[in-house]
Amino acid sequence: MATIGLIAGAGGFPLLLAAEARRAGHRVVATGFVNSTDPALERAVDAFTWVKLGQFGRIIEVLKAGGATQAVLLGGVTKKRFFIDVMPDAVGLQMMARAAVRTDDSLLRAGADILAEHGLPVIDPTPFLTGALAPEGVLGREQPSEAE
C-alpha cells in the first residue's frame, strides 16, 4: 500500500484519517502545526514531525523522506494562529506569493500546486472518513424546497 503524507491542522479529522488509512494498510507520515495539531496524532501515525505554520519546504522534505507519494491536508488552521505562529521558509514564501489574494481557498490551492510539483499530489481524504461524514440526502424532518 501507499505511504500517505498527512499535513495535519486542528481537530479530530487528522486522527480519524490516520486510523482509517492505517487500518486499510497504508503507512501514514504526518506533520503537525505547533499550537494547533492534537498531540495525540504523534502516537497515531508511523512517523511524525512538528512544524511551524509556513514551513512548507520542511513539510515537503519530511513527507518525502518518510516515503510519502501523496498528501492530504486535513484539519483547521485559524487565522489567529496564522498571524501569531507563522514562520515561512523559502517554499512557504513562494506559496504566499502565488496566492495573490490570501483567502483560505487560494492559499490551499497554491499549497496543493506546490505539493504536486514536488511529487506529492493532494488526494481526497473522504474515502478514509466515510464513518464520520453525514450521509447524502435530507437529515431533518422537512424536505427543502427547490429555492432552499
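Analyst: Gladly! In strand S4, Ala71 is the bridge partner of Gly5, and Leu73 is the bridge partner of Ile7. This is a predicted model, in which local features need pLDDT of at least 70 and side-chain atom pairs count only at pLDDT 80 or more, while totals for chains, interfaces and linings use all residues. Residues are numbered from 1 along each chain as its sequence is written, and side-chain values use heavy atoms, with hydrogens and water left out.

User: What makes S1 and S4 a pair?

Analyst: Two strands pair if DSSP finds at least two bridges between them. S1 and S4 (residues 70-74) have five bridges, in the parallel sense, so they qualify as a pair under that definition. Helices (H or I, at least four residues) and strands (E, at least two) are DSSP runs, numbered from the N terminus.

User: Why is the crossover from S1 to S2 called right-handed?

Analyst: The term applies if, with the strands pointing away from the viewer, the path from the first strand over the helix to the second runs clockwise. Here the chain goes from S1 through helix H1 (residues 13-23) to S2, and this β-α-β crossover is right-handed.

User: Why is S1 described as largely enclosed?

Analyst: Buried means under 20% relative accessible area, exposed over 50%, and partly exposed in between (1.4 Å probe, protein chains only). Six of the six residues of S1 (residues 3-8) are buried, so the rest of the structure largely encloses this strand. Thr3, Gly5 and Ile7 cover one side, and Ile4, Leu6 and Ala8 the other; all are buried. S4 is mostly covered too, with four of its five residues buried.

User: Is Thr37 buried or exposed?

Analyst: Thr37 has a relative accessible area of 6%, so it is buried. This residue is found in the loop between S2 and helix H2 (41-44). Thr37 touches Ala8, Gly9, Ala10, Gly32 and Trp50, not counting residues up to four places away in sequence; contact means heavy atoms within 4.5 Å.

User: How many charged residues are in the contact of H3 with H5?

Analyst: The axes of H3 (residues 56-65) and H5 (residues 90-98) come within 5 Å and cross at roughly 120°. Phe56, Gly57 and Ile60 of H3 meet Val91, Gly92 and Met95 of H5. By class there are four nonpolar, two polar and no charged residues. Ala, Val, Leu, Ile, Met, Phe, Trp, Tyr, Cys and Pro count as nonpolar, Asp, Glu, Lys and Arg as charged, and the others, Gly among them, as polar. Axes are lines fitted to C-alpha atoms, for helices over the stretch in contact, and angles run from 0 to 180 degrees between N-to-C directions.
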